[in-house]
Amino acid sequence: MQHHIVQILFAVIVSLCMSVIQVDAQCRSIYGKGVSNEDIRIILKGHNDLRSDIAQGKYIQYGLPRGKDFKKMVWDNKLAQAAQRISDTCVLQHQRITDGRWGSVGQNLHISMSTANSRGAEWKAALKSWAGEYNRYQFGKTITKQNGHLTQMIWADTKFIGCGFTNFLSNDPKFKYKKLYVCNYGPGGNYPNRQPYRT
């Protein structure tokens, strides 16, 4: 039986976001949560490979020029703990994170929904959905809600990342089974009137 899968993308310029976490009314049951060591490896590799590809000019054909001075991204437990608290609400909504190490913290969200449950996180699919926004971003133009996931991933000055994940049963009558992915970035990107990297 083929199950319907819906991928919902939601992007925001977090430096302008003042959202507050909602009560976790969507969480009827939790099937799985947290980020494993293998998940961390996938998340870091996905981000660093994308940044490396842009540095090597592999996205020139898509309108992204060769970049330089990309920091290699590393895992941060404090950012991960904050991301997990957000994913545990089972609500697709940004929360502004305050961290004294940086002026702002960036944030990417992704949710998948299905009519049948499947255990485990699918981080490669989440990262692919964010990175796939390259066809909605033109370098030198304004960063928008349609491409803000991508630009945060490739923001050259961002070095630290921490993520959370929750697999849960929701109150949605059609797509009950959902997986919420949250990643926090430090320092955050997506500043108005700035480009994600130098050329």
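Trainee: Which residue just after helix 1 takes a positive phi?

Mentor: Gly 57 does, with a phi of about 80°. Helices here are DSSP runs of H or I with at least four residues, strands are runs of E with at least two, and both are numbered from the N terminus. This is a predicted model, in which local features need pLDDT of at least 70 and side-chain atom pairs count only at pLDDT 80 or more, while totals for chains, interfaces and linings use all residues. Residues are numbered from 1 along each chain as its sequence is written, and side-chain values use heavy atoms, with hydrogens and water left out.

Trainee: How many residues does helix 1 have, and what does it pack against?

Mentor: As a general idea, an α-helix has 3.6 residues a turn, so residues three or four places apart point the same way. Helix 1 (residues 37-55) has 19 residues and reaches 27 Å from its first C-alpha to its last, close to the expected 27 Å, a span taken as 1.5 Å times one less than the number of residues. Its buried residues (under 20% relative accessible area, with exposed over 50% and partly exposed in between, for a 1.4 Å probe and protein chains only) include Asp 39, His 47, Asn 48 and Arg 51. In contacts, meaning heavy atoms within 4.5 Å, the buried residues of helix 1 pack against strand 3 (74-75), helix 3, helix 4, strand 5 (160-169) and strand 6.

Trainee: Which residues have the most contacts inside the largest nonpolar core?

Mentor: A nonpolar core is a set of buried Ala, Val, Leu, Ile, Met, Phe, Trp, Tyr and Cys residues joined through side-chain atoms within 4.5 Å. The largest has 31 residues, and those with the most contacts inside it are Leu 50, Ile 54, Trp 75, Trp 123, Met 153, Ile 154 and Ile 161. Helix 1, helix 3, helix 4, strand 5 and strand 6 each supply at least two residues of this core, and helix 1 gives the most, with 6 residues. A second, separate core of 14 residues includes Ala 83, Ile 86, Phe 168 and Val 182.

Trainee: What describes a pair of aromatic rings?

Mentor: Such a pair is described by the distance of the centres and the angle of the planes. Rings of Phe, Tyr and Trp (its six-membered ring) pair if their centres lie within 6.5 Å, and planes under 30 degrees apart count as stacked, over 60 as edge-to-face and the rest as tilted. By this rule the count comes to 10 aromatic pairs. The rings of Tyr 59 and Tyr 62 have centres 5.6 Å apart and planes at 55°, so this pair is tilted. Tyr 59 is buried at 16% relative accessibility, whereas Tyr 62, at 38%, is partly exposed. Phe 139 and Tyr 197 also form a tilted pair, with 4.8 Å centre to centre and 40° between the planes. Because Phe 139 lies in the loop between helix 3 (123-131) and helix 4 (148-153) and Tyr 197 in the segment after strand 6 (177-186), the pair ties together parts that are 58 residues apart in sequence.

Trainee: Is Ile 143 buried or exposed, and where does it lie?

Mentor: Ile 143 lies in the loop between helix 3 and helix 4 and is buried, with a relative accessible area of 8%. The C-alpha atoms of Ile 143 and Pro 196, 53 residues apart along the chain, are separated by 9.2 Å.
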